[in-house]
Amino acid sequence: MTSTTLAPSRALQLKASTADVHDNIDKSIMDKDPFANTENYIQFLTLQYYFLNDVSTLYDHSELNMVIENLAARRRLNMLEQDFQDLEYPVPASAFTSLISNETDLATALGWLYVVEGSKVGAAMLGKQAQARLLLTKKYGARYLSGPGAGRGSDWRHLVQLIDSIELNDTQERALINGARQAFTRFQLFQAHVYS
Ligand code: HEM
């Protein structure tokens, strides 16, 4: 009898290759008790804003648009802006120059998108905390956390299927993982900036 060990899917490998940095980010965010009061929550939203604003060109990326049909509809930056308006705080001004452009190669861009879209998976859980502790909802103040696409819905499953099935050569395989790690590192840069 022969036994075959299947290699983990590409998306699972991506998850494993970034688990250390995800855990670090998750813990350091929660250490700041983001739902303790409005001030902490605004700091948390500011961090999210820096990140989403920085990666916003991903959602206009021509090659990504060719492989993800609802790419533009996945954008959450406007929901975040509305959360600031609900809470009567100004939308932060960011002086950072994005690392992403339309020239970013497809595999790298897909690695970044995995991280940005993946942050919606945990967002569903955080939205529940915002509701329980600060009485914020998907219609007021927690639009970004509890809006459409939060959790492991069909958008997330489609992205994972795409990551698993898209044809990539060895260089692109590496670019996919590097792109994801760059995106997490970028998030950490904003964390250091917001909580300095
Ligand atoms: C306090 C903040 C956060 C919490 C509590 C959190 C929590 C979670 C949880 C519970 C999952 C599902 C894990 C699983 O099923 O094994 C997840 C997935 C994910 N999160 Fe977070 N997360 C947080 C912040 C972030 C941030 C800021 C990013 C991106 C910058 C991010 C990126 C991801 C990605 C890419 C996945 C998908 C992993 C995969 O299944 O491939 N998370 N998160």
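The model is predicted, with local features needing pLDDT of at least 70 and side-chain atom pairs counting only at pLDDT 80 or more, while totals for chains, interfaces and linings use all residues. Residues are numbered from 1 along each chain as its sequence is written.

Let us start with the core. The largest nonpolar core holds 38 residues, and Trp112 and Tyr114 have the most contacts inside it. Such a core is a set of buried Ala, Val, Leu, Ile, Met, Phe, Trp, Tyr and Cys residues joined through C-beta atoms within 7 Å. Among the elements giving two or more residues to this core are helix 2 (38-54) and helix 8 (170-194), and helix 5 gives the most, with 11 residues. Helices are DSSP runs (H or I, at least four residues) numbered from the N terminus.

Next come the contacts of two tyrosines, where contact means C-beta atoms, placed from the backbone, within 7 Å; neighbours within four places in sequence are left aside.

| Residue | In contact with |
|---|---|
| Tyr114 | Leu14, Leu159, Ile163, Ala180 |
| Tyr59 | Leu71, Ala72, Arg74, Arg75 |

Tyr59 sits in the loop between helix 2 and helix 3 (62-67). Tyr59 counts as partly exposed because it has 19 C-beta neighbours inside 10 Å (buried means 20 or more other C-beta atoms within 10 Å, exposed 12 or fewer, partly exposed in between, with C-beta atoms placed from the backbone).

Finally, the ligand: helix 1 (10-31), helix 5 and helix 8 each supply at least two residues of its shell.
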